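Dear colleague,

I am handing over the structure below, and I would be glad if you could look through it before reading my notes.

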Amino acid sequence: MLDSWTPDPIDPEALHAVDESAVDRFSRFLSSLERVFVLTGAAGIGKTRLCEQLGRQWTGETDFQFHGRATWTSPRADLATEILRYASIPAGSDSLLTLERAARTLLRPCLVVLDGVMSEEHTVWVGRQLDAILRQADSNLLRFVVVARTPPEPDFSAFPILAATIFGGQDAPTGASHRLAPWPIAQTREWWDHTRTENDLLFSRLPVSVQALARTPLYLQMLRSAGSAAQSGTRHTFQLIDHCVRTILSRSGQPVDAVIDCLAHSAGDLSPELIPTPLQGRPRPASSLVQAPPFVEPVAGGAARFTHDIFREYFLAIQIADQIADLGRSSAAVAAFNNLADRAAQSAQARNVFELAVRALDLRAPHLIETITSAPSVSTDVALPMLLETTAADGGLADHVVRACATRALQSPNQLLTQALLAVPNLVTALGDRHAKWVVEQLRSHGSSIWDDIAHHLEAALDIQVSARIADLLKLDHAREASFIARHVDLFASPGDDGDTIISQLVGHLDWRVRAALATPLRSCVSLSATQVDLIVERMTHDGDYKVRAALARVICYLETASAHQTLEALLTDPNWHVRECALYGILDGRPSPLAHSSFAKILIDVTAADKSWITPPASVAKLRTRILLLSGAIDLDSLEPGDPALLGLLKEVRSGWTTLPGDIEQALVSFGKNSTHWLTAQASAATEQRQHSAHEQYRRRRGHRSLQVALDVHTLDQAVAIATIAAGSGVDFLEVGDPLIKRMGVAAIETIKHQAPQTPVVAEMMSADWGRDQVELAAEAGADVVLLIGPASIASVSAAVAAARRLGIALTLDVSPGRLTPAWLRDMERTGIDGFVVTTNIDLGVGGDHPLATAALIRGHSQLPVAVSGGFTTADAVLADSDDWDIAILGRSASDAVLPTDMAYQLQNLIRRIRPQERL
């Protein structure tokens, strides 16, 4: 990019250090069943370059299509058509059908790279188009790489099939497959000093701000090209880009300010959507994109474009900054600034323009920045926090400006503003003697939601006196404040004081939550002395409250003191089984995951062999113990009981891709499982070698395809088996084992029904307010393919249940109670990763209340997930055939209460023909 003027051209390939973790993730993606790889990272981090590298590396076995933003962002663009055009295939009258047929003819993978996603608008466009393609063309040889610029992170959870096929989605349903991060500082230093010329400073002589910039490949290239003047005098990205632009233009003999002014106006013409609304329509001189290499390059049709988004955003930021500066100290300037920040919150491109514009204003009109921060109308939810975050990277605003912002946070409490202030590097000096009191007041105002922010702030301060002043103002007899100190005791305890007063007070605190919070710093206790750690561990090990001992047990694998093994032995012989169970979880948290900590596993073997109470542990504890022994290779597989839940769970995790085991262990478990006399274990072993869509993708594909589910709402297992046999033979899509039957017969009813109808997916109806994860595990281990969860109380509970479902390879649906039916709640549930919604109608309501299909229509209007509906439907209901407001119809007593089995079969078959008229052909 800058090679045209630097005396020592930099080889772009040498500059682009290979991200081996990204290559490994991509290789695993190609061998998986997932079809979408989402690559994210900040501007200039090397996302496009990495994709080009991947294309070259796999070119011998995979075909690549590279689609830049200009290809797919035009108003009439159709992604399926663009993919076909790239391959010189006419789209015909229906591009999706044509693409489906073309995908079936593929002989090797075709990777379609969509580069340039950088806003919520882009995310929605790509999400909608990709979701449609993935639904229609389900060939595993047609795959996609979505390259998204951050922040903000792209959220594809509103697009069910896309979200279900993102590689790595089990870790975070809305997250990325891989995030490119800035180079580590050591790698940057090594590369810089190894390749530097006599005109470059040593890396150690670069200002800290420049060293931080150099971690991003694009800015590293600019710094190397700009010479020692920029290397020693640059504070932030705007100064760096500005220096490079002006140097290039001056060397080319062009009028620098005139060309910059012209390019700034052109950038505004090319990106009107990024101009703040209050600035739109203001008179500007006519402009055209001048030929100014290397910033501008010609394109087809005699037009021109900026060579990199960074340059376009730099010139656009200049225009916006100049226009805001022209408005002066006015409400219009503040309104424009607020609007610019609002846009930045929704677009990575707009975010960079915002940051560049702030820095341009700070250089050109610093007084205006101060005016904006103190203006009553400045947004304290978005604009002011974002301004503080931007300037924090450059050393922060002037002390008196920071004090004014801190005062505003006291007068009008705002969590986002407080969090932004805590990240300001000069907050301590700006507030002076008021600092400790301000921090404590914010902690009391916002509670645990800012605990981590305060901790990061204190870590950055690197001054024990700052922490001590805060500790002096906190009240240890208040459980919440004492819990904060306990959770971050490494920031408050004096390393040289082994009889530390604070630790002594905390380990003896009357509230168990405070004592339990001391387990958190043990995960990373580098600031605590061995004596201090031993004091905490000793007191927690013998604490009178089992919940405190359990908290210690969960972090046992992080202890590196000599007494760690003795502590584990004590916890494994604890008088409370919950503590022992937590100790087993602690062992499994050891490294390398998922294998257990080897020395801890040996202790478990020795303790359980010597302690008779381990002969008959609770089922959940026995499962964890067996899991550890299986992962350690320390158990005779022939000694396992048929259907051992630990073995079954591991096999399901291998099948779902959640857990990757060493080859020898996986081979041994799969081989043993195939020969098991327990049919579910044998089935799970065989499934590890099958390549098919995941359970949650299969369920999500039910959207728009009318499916029939029969609920076995009976009280005897014999009757349920009889109904299930007829229903499965009639061609229904799902069999539901209802809550009444499960309560009467246990989860064994699920296994019995699944064994009777192995080819028909079984839905387990489970009711739980807080234990959704456990309910999912019980149902999955009994053979359920889908769990309908009724009654979870919180997003956290649903998220835990979703994680369990992903881990065990089953789908999870959620009952929608009338009191929760809002667009916001539906969107929150989508983000957790559930696979569908269910409208259940209480039979006791009779004819009262809304019709369930009306409720289903409302849900389907806000979500693309499938919606199952029960509502006293009968096999003769014309409404099911006439309505498009449902995806899965649930029949209960109208089918199960039929006197004659032949009548039930006839009615079900007749209903299936009516709701799926195409099957008559």
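Six of the six residues of β8 (residues 707-712) are buried, so the strand is largely enclosed by the rest of the structure. Strands here are DSSP runs of E with at least two residues, and helices are runs of H or I with at least four, both numbered from the N terminus.

Before going further, please keep in mind that this is a predicted model, in which local features need a pLDDT of at least 70 and side-chain atom pairs count only at pLDDT 80 or more, while totals for chains, interfaces and linings use all residues. Residues are numbered from 1 along each chain as its sequence is written, and side-chain values use heavy atoms, with hydrogens and water left out.

β8 has parallel pairings with two strands, where pairing requires that DSSP finds at least two bridges between them: four bridges connect β8 with β15 (residues 888-891), and four bridges join β8 to β9 (residues 734-737). Within these pairings, Ser707 has Ile888 of β15 as its bridge partner, whereas Gln709 stands opposite Phe734 in β9. Ser707 counts as buried because its relative accessibility is 1%. Leaving aside neighbours within four places in sequence, Ser707 is in contact (heavy atoms within 4.5 Å) with Arg702, Asp733, Phe734, Trp886, Asp887, Ile888, Ala889 and Arg916.

β15 is also joined to β14 by three bridges, and these two strands run parallel, with Ser870 opposite Ile890 in β15. In β14 (residues 867-870), Val867 and Val869 point one way and Ala868 and Ser870 the other way, and all are buried. Strand β13 (residues 836-839) is in turn joined to β14 by three bridges in the parallel sense, and Phe837 stands opposite Val867.

**The five-stranded sheet**

Elsewhere, five strands form an open sheet with parallel pairing, in the order β2-β3-β4-β1-β5. Its edge strands, each pairing on one side only, are β2 (63-67) and β5 (178-179). Inside that order, β1 (residues 36-41) and β4 (residues 142-149) pair in the parallel sense over six bridges, and Thr40 has Ala148 in β4 as its bridge partner.

**Helix α35**

How many of the 12 residues of α35 are buried? Nine of them are, so this helix is largely enclosed by the rest of the structure; the buried residues include Lys652 and Glu653 as well as Leu647, Leu648 and Val654. They pack against α34 (619-632), α36 (663-674), α37 (679-687), α42 (772-781) and α43 (795-808). Helix α35 (residues 645-656) reaches 16 Å from its first C-alpha to its last, close to the 16 Å expected at 1.5 Å a residue, the expected span being 1.5 Å times one less than the number of residues.

**Nonpolar cores**

A nonpolar core is a set of buried Ala, Val, Leu, Ile, Met, Phe, Trp, Tyr and Cys residues joined through side-chain atoms within 4.5 Å. The largest has 171 residues, and Phe315 and Leu506 have the most contacts inside it. Helix α15 (residues 309-327) gives the most to this core, with 11 residues. A second, separate core of 65 residues includes Leu717, Ala805, Val839 and Ile859.

**Confidence**

The pLDDT, which is the predictor's confidence in each residue on a scale from 0 to 100, averages 87 over the protein, and 92% of the residues score at least 70. Residues 1-13 stay under 50, although the model has 33 contacts for them beyond four places in sequence. Residues 844-848 are also below 50, and this stretch has zero contacts in the model beyond near neighbours in sequence.

With best wishes

Notes
Buried < 20%, exposed > 50% of the residue type's maximum accessible area, 1.4 Å probe, protein only.
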